[in-house]
Amino acid sequence: MIRPTYAVFEHQLVAYRRTWRGSVLSSFLLPVLFLLAMGFTVGGYVDRAGGLSVRYVDFIAPGLLASTALQIAVGESTWPVYSGFKWHRMYHAMQATPVRVTDMVRGHIGYVLLRVGLSAAGFLVVMGLFGTLHSAWAPAALPVAVLVGLATAAPVFAYSASISTEGLFAVLLRVAVIPMTLFAGVFFPVGSLPLWARILAYVSPLWHGVELSRAATLGTATAWGVWAHLGYLAVWSVVGYLLATHRFRRRLAD
Amino acid sequence: MVTLLLPRLAARADARVRRAAAVTGRNVAAARHFGYWWALVSGFFEPVLYLLSIGLGVGALIKTFTLPDGRTISYAAFVAPAMLAASAMNGALTEAMNMVGKMRYMRLYDAVLATPVQPFEVALGELMWGLVRGSSYSLAFLVMMVGMQLTTVGWALVAFPATVIVGFAFGGLGMAVATYVRSWQDFDYVMVVQFALFLFSGTFAPADSYPWGVQVLVQVTPLYHGVELLRGLTTGTLNWGLLGHTAYLVALASVGLTIAGRRMGRLLCR
Amino acid sequence: MSVAEPLIAAHGLVKRFGDFTAVAGIDLEVRAGEAFGFLGPNGAGKSSTMRMIGCVSPPTGGTLRVLGMDPVRAGSAIRARLGVCPQQDSLDPELTVRENLIVYARYFGIPRKVARQRADELIEFVQLTERADDTVEPLSGGMKRRLTIARALVNEPAIVLLDEPTTGLDPQARHLVWERLFQLKQRGVTLVLTTHYMDEAEQLCDRLVVMDGGKIVAEGSPRQLIERYSTREVVELRFAEAALDTYVGKLEGIGERLELLPDRILLYAADGDLAVAAVADRALRPSSVLVRRSGLEDVFLHLTGRTLVD
């Protein structure tokens, strides 16, 4: 029964047709600006000091790719999901049709992954233009970005379906998303972090995404081996998905 | 004549300030509730996290930094004042976007303007709230900078009033911008511009390391002046340029506030 | 301001938004202690008029004086003595019931202590004591409405402006609101309200105007309006056969006026029973006959027409 799932996916696409212009700005331009500001200006100073084995811009570009996937996945899984229950009550409307809870979650996450994939593809092209792709494995960074999207969107779906005040999004952002973006190896190697912070970075899905993404574009080995990172992200995805359907069911029951 | 007029004028000004304070009071009441309170407190940590990540983390890759007067400082000491200025900007613009929500979606001001409170007083009251909130962040951040030996107690004391000026400037600007925002799309544009300013205002690398065209552009934008002013003070690099930056910020505050007061009146009293 | 001067006086009052004329030159006076109503379909200009009286919308033309002052120049001073209950609740969703009242009182410069005391009194007055410390969002529509009315009273206003105070409320909530408004009226508070509920206007208003298309089309007490624009009684006739219009000719001459509706025919007559007898005399057999007293609804529909305006 793929059809109801696809109908949910299509529902999102219809809305996206009208809003895609605005989202190009935030989902594509922002990471490019980040790459320019950090990679080239700050990068000049880093390269002169010679602390890294690769150019700084080559180092952060794959990290920014993974972190962009995270930002978009979180952005599309917070307000849109929350308002689907609370304001425009989209899910309640779907519940009155043959659509099942699993269809809602899969269809909507599918759309989120499409958004992640589009932005990641755009960013990869920019990376190519800046000469930061150094391996034949570089295209593999795209599915990696989508996997990071899944590993973060699924648990955030569960979170958004659980909370009752939107103030808690600020908590998610400041306790999880921003620290991950800043400390999970995007801008500097986690090796320089104190042990407790390093452990937190290892726990976060983003660090594994950054490692995989960097391995793909630089052709280097990852810290724990590719399969370990992939497996860890898969665990986040599956547990997140199960939690999300559980929370959706709960929320729609009352 | 004058002696009769003055007390009356003073009484009028007093009433205006009291009404503006009532607008601030609304925010204080809202801030006591859980969700809002959390947002307030956690807002402080954002610049701190940036300082730790970029300042210390990336800083470890850069080691030292040479100032225009030839002294070398740590990269963290270079980035910290920029985070201070940027957090004043981010706080003020966030508060301004909240104001759009209050104005257009919650329609809070419709109720306020049915009372003796006037549009300009609403703007003033919101600005006062933003300043109180922003200044407490700045104070905490400066204390932390002293603790991390990124500046001295003396320079931190001098820098504090300067952070209030920076907050005032962005508060006025944000309020004026708020009266032009119409839709969620506009929020996106504001966010992109805000982020671009955050990245390119001499925050993470000196403005003179940018290409020439970008440099000129940067020098027109407000955050650059905030960063330069605060960096001059916390690193103890005094020069006449600091006065220029201050003048720019004060002018921005008054222009922004004037525009905001006028446009709010027109937007709300149709 | 002398005792005789009306609290609200408008002459040739006009409000335009671009090309659209919302209020097209109206004259009215509201006196102290009166309950004054604006009746009219949606888009008649009621709310625009209310917003001008509330000093939040400057008039485009004509003169308007509220409490003896000019709303454009003395808006703040006038608003200090008005209580406003807008059409849509504009409560602060982030605050509790009590905080909403206290924070609002502060806008009037009311000292905190007095504000607290008044908030408690008003919460009791509108029966929200049990919800006093809850945030506003989960309250029912009726509760929110009552809170908005309480908020309008926090400054002990000389005039209370109520824009559709009971629209969208369930019958219980409406009656509770009416009861409270009636109590205010008895205390001598001047009420100005808009409504499109006829029973509301009949219950609460001493005097009312009917607005349509930005103009005042009738003015008087509910009784006067009924006498002037309708007959004392109305006979409602239904017929088993579908083609009602064939009866129009057959009924001609009975009563003062006849109106054909899709499902029935209305006969306006001073004496309903006499009209029913006349119908029987003509050997017509309606499937149902109802004789009732004429109400504001008849006046309203007569003056503003039956076509849907929205």
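**Exercise 1: two helices in chain B**

H5(B) and H10(B) are oblique to each other; work out which angle puts them in that class. Before starting, note that this is a predicted model, where local features need pLDDT of at least 70, side-chain atom pairs count only at pLDDT 80 or more, and totals for chains, interfaces and linings use all residues. Residues are numbered from 1 along each chain as its sequence is written, chains are lettered from A and ligands numbered from 1 in the order in which they are written, and side-chain values use heavy atoms, with hydrogens and water left out.

Step 1. Two packed helices are described by the angle between their axes and the distance between the axes.

Step 2. For helix H5 (residues 119–147) of chain B and helix H10 (residues 241–268) of chain B, the angle is about 130° and the axes are 8 Å apart. Helices here are DSSP runs of H or I with at least four residues, strands are E runs of at least two, and both are numbered from the N terminus. Axes are lines fitted to C-alpha atoms, for helices over the stretch in contact, and angles run from 0 to 180 degrees between N-to-C directions.

Step 3. Under 35 degrees is roughly parallel, over 145 roughly antiparallel, 65 to 115 roughly perpendicular, and the rest oblique. That makes H5(B) and H10(B) oblique.

Step 4. Now the residues: H5(B) brings B:Pro119, B:Phe120, B:Val122, B:Ala123, B:Leu124 and B:Leu127, while H10(B) brings B:Leu257, B:Gly261, B:Met264 and B:Gly265. Contact means heavy atoms within 4.5 Å.

Step 5. Sorted by class, this contact has eight nonpolar, two polar and no charged residues. (Ala, Val, Leu, Ile, Met, Phe, Trp, Tyr, Cys and Pro count as nonpolar, Asp, Glu, Lys and Arg as charged, and the others, Gly among them, as polar.)

**Exercise 2: covered spots in chain C**

Is C:Arg118 buried or exposed?

Step 1. Find the residue: C:Arg118 sits in helix H4 (residues 112–125) of chain C.

Step 2. Its relative accessible area is 17%, so C:Arg118 is buried. (Buried means under 20% relative accessible area, exposed over 50%, partly exposed in between, with a 1.4 Å probe and protein chains only.)

Step 3. Leaving out residues up to four places away in sequence, C:Arg118 touches C:Ile110, C:Val154, C:Asn155 and C:Glu156.

Step 4. The C-alpha atoms of C:Gly272 and C:Thr231 are 9.7 Å apart, although 41 residues separate the two along the chain.

**Exercise 3: from one helix to the whole chain**

How many residues of helix H3 (residues 97–107) of chain C are buried?

Step 1. Nine of the eleven are buried, so H3(C) is mostly covered. Among them are C:Val97, C:Glu99, C:Leu101 and C:Tyr107.

Step 2. Look just past the end of H3(C): C:Gly109 has a positive phi of about 75°.

Step 3. Zoom out. Chain C has eleven helices and 13 strands, and 52% of its 310 residues are buried.

Step 4. Of the contacts in chain C with a separation of 6 or more, 68% join residues 24 or more positions apart.
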